[in-house]
Amino acid sequence: MSGNDFDGTFPIESLSTSLHHVAFEETGLSGTLPDVDYGSDEYFPRLEELILRHSDRIVGTIPTGLGGLSRLRDLDLYGTGLTGTVPESLCDLTPLKGGKLHIYIDCDVIECQDKCCQCGVSADYVSEDYQW
């Protein structure tokens, strides 16, 4: 879905609960990310990758509910309009499949506790064991 000229708010209610990878990179999506339990059966219980890179019209703070994504391996919020601090619930997250959660942000506008994030990393960061 990356690079498409979507317009409107983040479509959390209309996305499938079976998704493993969501990429809304460089889209026209706008508004805030709802603060819901993203890992619940109602939303994204299987989500491993959430990419919102360069979607600068997505604003507000990072929802604490993202910490419920127990399978999440990659979260890319670099170049969004999000501000504030990465919630502890995300920094404390260890993916069910093992390994480490990679969080990519713009450290000029988002603070990260305990250095659990990477600042301004290239978009070519897909982990070696990742398969489409």
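Student: Which cysteine is joined to Cys112 by a disulfide?
Tutor: In this predicted model, the partner of Cys112 is Cys117, and the S to S distance of that disulfide is 2.0 Å.

Student: And which hand does that link have, right or left?
Tutor: The torsion about the S-S bond of Cys112 and Cys117 is about 70°, so this disulfide is right-handed.

Student: Are those two buried or partly exposed?
Tutor: They fall on either side of the 20% limit that defines buried: Cys112 has a relative accessible area of 24% and is therefore partly exposed, whereas Cys117, at 14% relative accessibility, counts as buried.

Student: How many disulfides turn up in the whole structure?
Tutor: The search finds three, and if the bonded cysteines are counted along the chain, their pattern reads 1-4, 2-6, 3-5.

Student: What does Cys91 pair with, then?
Tutor: Cys91 is joined to Cys116, with an S to S distance of 2.0 Å. That pair links distant parts of the chain, since Cys91 lies in helix 1 and Cys116 in the loop between strand 9 (110-111) and strand 10, 25 residues apart. Cys91 is buried at 17% relative accessibility, and Cys116 is buried too, with a relative accessible area of 13%.

Student: Which cysteines make the remaining link, and where do they sit?
Tutor: Cys107 is joined to Cys119, with S to S at 1.7 Å. Cys107 belongs to the loop between strand 8 and strand 9, while Cys119 belongs to strand 10, and the two are 12 residues apart. The link has -75° about the S-S bond, which is left-handed. Cys107 is partly exposed at 31% relative accessibility, and Cys119 is likewise partly exposed, with a relative accessible area of 47%.

Student: In what order do the strands of the open sheet run?
Tutor: Five strands form that sheet in the order 2-4-6-8-10, and their pairing is parallel. Strand 2 (21-23) and strand 10 (118-119) have a single partner strand each, so one side of each edge strand is left without a neighbour in the sheet.

Student: How many bridges join strand 6 to strand 8?
Tutor: Three bridges join strand 6 (residues 74-76) to strand 8, and the two run parallel.

Student: What else does Asp76 do, and which residue is its salt bridge partner?
Tutor: Asp76 forms a salt bridge with Arg53, in which the closest N and O atoms are 2.6 Å apart. The pair connects distant parts of the chain, with Asp76 in strand 6 and Arg53 in the loop between strand 4 (49-51) and strand 5 (58-61), 23 residues apart. Both Asp76 and Arg53 are buried, and a search of the whole structure finds one salt bridge.

Student: Let's go inside now: which residues have the most contacts in the largest nonpolar core?
Tutor: That core has 28 residues, and those with the most contacts inside it are Val86, Leu90 and Ile103. The elements giving two or more residues to this core are helix 1 (88-91) and strand 8 (102-105).

Student: What does Val86 touch?
Tutor: Leaving aside residues up to four places away in sequence, the contacts of Val86 include Ile62, Ile103, Ile105 and Ile110, and among them are also the cysteines Cys91, Cys112 and Cys117. Each of those cysteines has come up already: Cys91 is bonded to Cys116, while Cys112 and Cys117 are bonded to each other.

Technical notes. Residues numbered from 1 in each chain as written. Predicted model: local features only at pLDDT ≥ 70, side-chain atom pairs only at ≥ 80, totals over all residues. Heavy atoms only, no water. Core = buried A, V, L, I, M, F, W, Y, C linked by side-chain atoms within 4.5 Å. Buried < 20%, exposed > 50% of the residue type's maximum accessible area, 1.4 Å probe, protein only. Helix = DSSP H or I, 4+ residues; strand = E, 2+ residues; numbered from the N terminus. Contact = heavy atoms within 4.5 Å. Pairing = 2+ DSSP bridges. Salt bridge = Lys/Arg side-chain N within 4 Å of Asp/Glu carboxyl O. Disulfide = S-S within 2.5 Å.
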